[in-house]
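Let's take a walk through a protein fold, one piece at a time. Have the structure open while you read.

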Amino acid sequence: MKAAVVASPGNIEIRDVPMPEPAADEILVKVKAAGLNRADLLVALGHFHGGRGGPGAVPGIEAAGEVVRSGSAMSPFKQGDKVLCSVASAFAEYVVANVSRSAVMPKGVDWVQAGTLPVALQTMHNAIVTAGALHRGESVLIQGASSGVGLMGLQIAKYMGAGFVIGTSTNAERRAKLADYGADLAIDTTDSKWADKVKE
């Protein structure tokens with residue numbers, strides 16, 4: 001199969017690489033679209049993200065595609081299912097994804113949109129719902145709210161019934177748009193009194 005491979009820092013080449021094989025807790029996915037994240041740019045520049053990086057690495061930490069096969073008959077996914085997944089090496093024709101980091105593709109979302117959702121959705125759902133245990137009516141502060149993950153956090157908080165959602169951004173133009181994503185208050189953290197504004 002073909003994949004985008006780091007040949008040297010800052011140099012990506014399309015190469016033939018071995019087809020991955022799914023373990024018992026994984027699915028093999030034919031990639032239709034992959035998101036581009038800051039971590040991918042760092043890997044392309046020769047840095048490591050987690051345990052991945054350096055020459056020979058395939059960037060890409062999220063993708064959407066069709067399930068080709070499962071590593072176990074007990075998998076909740078079957079051949080042909082449309083999924084989005086947090087993965088390693090997404091910039092390839094095929095990728096293996098852990099079942100626990102995969103989800104059925106939402107209706108009304110195309111491949112390109114789905115390829116950009118897994119990391120932000122899983123990160124912020126965990127932060128706000130699972131680990132954060134948000135209760136309806138509670139307030140939420142999202143730092144760096146104008147990033148892709150931050151924008152997802154604003155929307156999740158609002159959807160889950162947060163009473164007051166605060167988003168921060170140091171960029172005035174981006175800060176002005178936070179209300180469109182659910183922020184009740186947008187704060188500039190370059191202001192030395194920003195913490196007092198949160199308390200108010």
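When we say that two residues touch, we mean that they have heavy atoms within 4.5 Å of each other. Keep in mind that this is a predicted model. With that in hand, look at Gly150: leaving aside residues up to four places away in sequence, Gly150 touches Ile142, Gly144 and Ala145. Gly150 sits in helix α4. Its relative accessible area is 3%, and since buried means under 20%, Gly150 counts as buried.

Now zoom out to the helix around that glycine. Two packed helices are described by the angle between their axes and the distance between the axes. Here, helix α3 (residues 118-130) packs against helix α4 (residues 148-159) at an angle of about 50 degrees, with the axes 9 Å apart. That angle is why α3 is called oblique to α4. The crossing of α3 past α4 is right-handed. Which residues meet there? From α3 come Ala120, Leu121, Thr123, Met124, His125, Ile128 and Val129, and they meet Gly148, Val149, Met152, Gly153, Ile156 and Ala157 in α4. Sorted by class, this contact has nine nonpolar residues, four polar ones and no charged ones.

Next up is the sheet. Its five strands run in the order β8-β3-β6-β7-β9, it is open, and the pairing is antiparallel. β8 (94-98) and β9 (102-104) stand at the edges with a single partner strand each, so one side of each has no neighbour in the sheet. From one strand to the next, the twist averages 45 degrees.

Strand β7 (residues 82-86) is joined to β9 by three bridges, and the two run antiparallel. Leu84 stands opposite Ala103 in β9. Finally, α3 turns up again: α3 packs on the sheet and touches β6 (62-70), β7 and β9, with its direction at about 65 degrees to that of β7.

Conventions
Residues are numbered from 1 along each chain as its sequence is written. This is a predicted model: local features need pLDDT of at least 70, side-chain atom pairs count only at pLDDT 80 or more; totals for chains, interfaces and linings use all residues. Side-chain values use heavy atoms; hydrogens and water are left out. Axes are lines fitted to C-alpha atoms, for helices over the stretch in contact, and angles run from 0 to 180 degrees between N-to-C directions. Helices (H or I, at least four residues) and strands (E, at least two) are DSSP runs, numbered from the N terminus. Angles under 35 degrees count as roughly parallel, over 145 as roughly antiparallel, 65 to 115 as roughly perpendicular and the rest as oblique. A crossing is left-handed if the near helix is turned anticlockwise from the far one by less than a right angle, and right-handed if clockwise. Ala, Val, Leu, Ile, Met, Phe, Trp, Tyr, Cys and Pro count as nonpolar, Asp, Glu, Lys and Arg as charged, and the others, Gly among them, as polar. Buried means under 20% relative accessible area, exposed over 50%, partly exposed in between (1.4 Å probe, protein chains only). Two strands pair if DSSP finds at least two bridges between them.
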